[in-house]
Amino acid sequence: MKVRARARREQGEAIIPMINVIFLLLIFLMLAGRPGVVDPFELDPAEAARTEEKRDAGHVLFISADFDLAYAKARGRDAVLAAIARAFSEGQRRPLQIKADAAVDTIRLLEFLRSLEAQGVRKVLLLTQVPRDA
Amino acid sequence: MNGLSISLARERKGRRALGLTPLVDVIFLLVVFYLLVSQFTQLRTLPVTVSDGTNGSPSREAWTVSVTGPDEIFFDGKPTSLERIESDLRLKNPGKDTALVILVAADVPLQTAVGLLDAAAHAGIAAVSLRAWRKGP
């Protein structure tokens, strides 16, 4: 009887703290993380210390360091421009959000912004990240 | 007496098995779900107005910052850096009408341009434009 009681107590002591830890981990993840869309390719956005506006909901134009483009389901320059033109002709009012890699050539980005202007885009929001050492 | 103890033991055993294992499974699945779906990098936004500014020279009232390379930044013809540019701009007392033109040469990474836009905004200059700098023939 004593052996059985001790074995049961040991089993109980092993599981309950583990459940507590997992619950705490779950609560941490729910509070700290924000559900978001997975980037279509690896991106390291530019760092800016003093931008304060928070990002908006909606589709994001992704630009990799090699200037690969992705917007919603569209991939490649022509498909992305067509998809953005469609979105703005269908009444998108919010500014286009761009998540570009920090290593993107600025002149190439400016040239692409001119192409976007031709599609009716007047204002873009460049997504940046808080510096890691801040 | 014997039959009663067997039925009690079964009942206790059944209750314990029902309690913990499915709960742990569900919590584990929730943890895995949140680990995969969550993003922890805090993204901010930097507003940029899209306009055709690649042709012509900047207006006379506008201050000009030239960027010829990732770490080659010039303001008023003098070399400066991303760390110093904000204080350099403040030293010239920017007013409400002050405009800043950032001329960017080829092979300048976006990080440098964003750093300059950020510094200009913090120095109190609202009208900042980013233009491509083409070297003359």
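This is a predicted model: local features need pLDDT of at least 70, side-chain atom pairs count only at pLDDT 80 or more; totals for chains, interfaces and linings use all residues.
How many bridges join β6(A) to strand β2 of chain B, and do the two run parallel or antiparallel? Seven bridges join these strands, and they run antiparallel.

**Extent of the interface**
- In this model, 54 residues of chain A are in contact with 46 residues of chain B.
- About 4500 Å² is buried between chain A and chain B, and carbon and sulfur atoms give 64% of that area.
- A:L29, A:R50 and A:I107 supply 14% of the area that chain A buries against chain B, which is more than any other three residues.

**Polar and charged interactions**
- Twelve residue pairs, both members at pLDDT 80 or more, are in polar contact between chain A and chain B.
- The count of salt bridges between chain A and chain B is zero.

**Composition of the chain A side**
- Two or more residues each come from α1 (2-32), β1 (34-35), β5 (96-100), α3 (106-118) and β6 (123-129) of chain A on the side that touches chain B.
- Among these elements, α1(A) gives the most to that side, with twelve residues.
- By class, the side of chain A that touches chain B holds 30 nonpolar, seven polar and 17 charged residues.

**Strand pairing across the chains**
- The strand of chain B that is joined to β6(A) is β2, which covers residues 43-49.
- Within β2(B), B:T49 is the bridge partner of A:K123.

Note on methods. Residues are numbered from 1 along each chain as its sequence is written. Chains are lettered from A and ligands numbered from 1 in the order in which they are written. Side-chain values use heavy atoms; hydrogens and water are left out. Contact means heavy atoms within 4.5 Å. Buried area is the accessible area (1.4 Å probe) that two parts lose on being put together, summed over both. A salt bridge is a side-chain nitrogen of Lys or Arg within 4 Å of a carboxyl oxygen of Asp or Glu. A polar contact is a pair of N or O atoms within 3.5 Å; within protein, one must be able to donate a hydrogen and the other to accept it, and residues adjacent in sequence count only if both atoms are side-chain atoms. Helices (H or I, at least four residues) and strands (E, at least two) are DSSP runs, numbered from the N terminus. Ala, Val, Leu, Ile, Met, Phe, Trp, Tyr, Cys and Pro count as nonpolar, Asp, Glu, Lys and Arg as charged, and the others, Gly among them, as polar. Two strands pair if DSSP finds at least two bridges between them.
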